[in-house]
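Me: Here's the one I wanted to go through with you. Can we start with the overall picture?

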Amino acid sequence: KEMPVVGGRSSIKIDLTQGETYYWCTCGRSKNQPWCDGSHAGTSFKPLAYTAIETKTAGICTCKRTKNAPFCDGSHNMLPDELPVDTTTTGYVKPEFKEYKVVA
């Protein structure tokens, strides 16, 4: 089974808006962590659509190992030190970015 790239070793605090749908990156390759930007093209990964059930600030996973996607569950604390992190991903996500577009 193809494993996702580690997009980061911590969560990103995001302001979620009730009723809005967000597309969480599952591959770890997105340059717009934690959201999908279409970088999964050519892999077996697809983004996870999440519709916020309430307006709140939440820690969103970037390590891609959470058991409670898209939310951080602390799994990044268990990653081995030698597991590489994709350092090209951003540490901050523009809040207005909510979906991806694949450009052919």
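Reply: This is a predicted model. Among contacts between residues at least 6 apart in sequence, 68% join residues at least 24 apart.

Me: How much of the protein is buried?

Reply: Buried residues account for 42% of the 104 residues. The exposed surface comes to about 6100 Å², and carbon and sulfur atoms supply 53% of that.

Me: Which residues have the most contacts inside the largest nonpolar core?

Reply: I14, L16, Y22, W35, Y50, I60 and F71, in a core of 15 residues. Strand 1 (12-16), strand 2 (21-24) and strand 4 (56-60) each give two or more residues to this core. Strand 1 supplies the largest share, three residues.

Me: What does F71 touch?

Reply: Leaving out residues up to four places away in sequence, F71 touches L16, Y50, K56, A58, G59, I60, C61 and T66. Of these, L16, Y50 and I60 are also listed among the core residues with the most contacts.

Me: Switching topic: where is R65, and is it buried or exposed?

Reply: R65 sits in the segment after strand 4, and R65 is buried.

Me: Which backbone oxygens lie by the R65 side chain, then?

Reply: The backbone oxygen of C63 is 3.1 Å from a polar atom of the R65 side chain. For the backbone oxygen of P4, the distance to a polar atom of that side chain is 3.2 Å.

Conventions. Residues numbered from 1 in each chain as written. Predicted model: local features only at pLDDT ≥ 70, side-chain atom pairs only at ≥ 80, totals over all residues. Heavy atoms only, no water. Core = buried A, V, L, I, M, F, W, Y, C linked by side-chain atoms within 4.5 Å. Buried < 20%, exposed > 50% of the residue type's maximum accessible area, 1.4 Å probe, protein only. Helix = DSSP H or I, 4+ residues; strand = E, 2+ residues; numbered from the N terminus. Contact = heavy atoms within 4.5 Å. Lys, Arg positive; Asp, Glu negative; His and termini not counted. Salt bridge = Lys/Arg side-chain N within 4 Å of Asp/Glu carboxyl O. Polar contact = N/O pair within 3.5 Å; in protein donor to acceptor, adjacent residues only side chain to side chain. Areas by Shrake-Rupley, 256 points an atom, 1.4 Å probe, with all protein chains shown as cover.
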